[in-house]
Amino acid sequence: MAVTYICKYCRSNIGKIEETVISEQRLGFNSLTDDERKDIITYNLNGDIVVQLVCDYCNEAISSNPELTLINNPLQ
């Protein structure tokens, strides 16, 4: 099983964890609400997990220009 972290705006690869067994508690998913989990976590057919976060570049761009959040894909 792998856990892949990608930026939800630019789709860049932030990181990847490849473990045979890893708990949601160890990943910190247990501290998320149900709505947060639905928004950022998806599961592939092979059991891999994809977590959508915001990379440093996009975070800085959005912090400087908050109106970018009004656009569906502001930083393609």
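1. Arg11 sits in the loop between strand 1 (2–7) and strand 2 (13–18), where strands are DSSP runs of E with at least two residues and helices are DSSP runs of H or I with at least four residues, numbered from the N terminus. Arg11 is not a glycine, yet it has a positive phi of about 65 degrees. With a relative accessibility of 48%, Arg11 is classed as partly exposed; that class lies between buried (under 20% relative accessible area) and exposed (over 50%), using a 1.4 Å probe and protein chains only. The areas themselves come from the Shrake-Rupley method with a 1.4 Å probe, and for residues only the protein chains shown count as cover.

2. On the basis of the note: this is a predicted model, in which local features need pLDDT of at least 70 and side-chain atom pairs count only at pLDDT 80 or more, while totals for chains, interfaces and linings use all residues. Residues are numbered from 1 along each chain as its sequence is written, and side-chain values use heavy atoms, with hydrogens and water left out.

3. Overall architecture. The protein contains 3 helices and 4 strands, and its elements follow the order β-β-α-α-β-β-α from the N terminus. The C-alpha trace spans about 40 × 25 × 20 Å along its principal axes. Of the 76 residues in the protein, 32% are buried.

4. Cysteines. How many disulfides does a search of the whole structure find? The search returns 0, a disulfide being a pair of cysteine sulfur atoms within 2.5 Å. In general terms, a disulfide is a covalent bond between the sulfur atoms of two cysteines. For Cys7, the closest cysteine sulfur belongs to Cys58 and lies 3.6 Å away, so the distance is too far for a bond. The sulfur of Cys55 also has its closest cysteine sulfur in Cys58, at 3.6 Å, and this too is too far for a bond. Cys7 is buried, at a relative accessible area of 0%; Cys55 is buried as well, at 12%.

5. Salt bridge. The structure has 1 salt bridge, defined as a side-chain nitrogen of Lys or Arg within 4 Å of a carboxyl oxygen of Asp or Glu. Glu24 and Arg37 form a salt bridge in which the closest N and O atoms are 2.7 Å apart.

6. Charged surface. Which residues form a negative surface patch? The patch consists of Asp34, Asp35, Glu36 and Asp39. Patch residues have over 30% relative accessible area and no salt bridge, and like charges are joined within 9 Å, whereas nonpolar side chains (Val, Leu, Ile, Met, Phe, Trp, Tyr) are joined within 5 Å. Asp and Glu count as negative and Lys and Arg as positive, with His and the chain ends not counted; the place of a charge is taken as NZ of Lys, CZ of Arg, CG of Asp or CD of Glu. Asp34 is located in helix 2 (residues 34–40) and is exposed, at 60% relative accessibility.

7. Loops on either side of helix 1. Thr20 is placed in the loop between strand 2 and helix 1 and is exposed, with a relative accessibility of 74%. Its C-alpha is 7.8 Å from that of Ala2, at a sequence separation of 18 residues. Gly28 occupies the loop between helix 1 and helix 2, where its relative accessibility of 25% makes Gly28 partly exposed. Between Gly28 and Lys16, which are 12 residues apart in sequence, the C-alpha distance is 15 Å.

8. The segment after helix 3. Is Leu68 buried or exposed? Leu68 lies in the segment after helix 3 (56–64) and is buried, with a relative accessible area of 16%. The C-alpha atoms of Leu68 and Cys58 are 9.8 Å apart, for a sequence separation of 10 residues. Between Asp34 and Leu68, 34 residues apart along the chain, the C-alpha separation is 26 Å.
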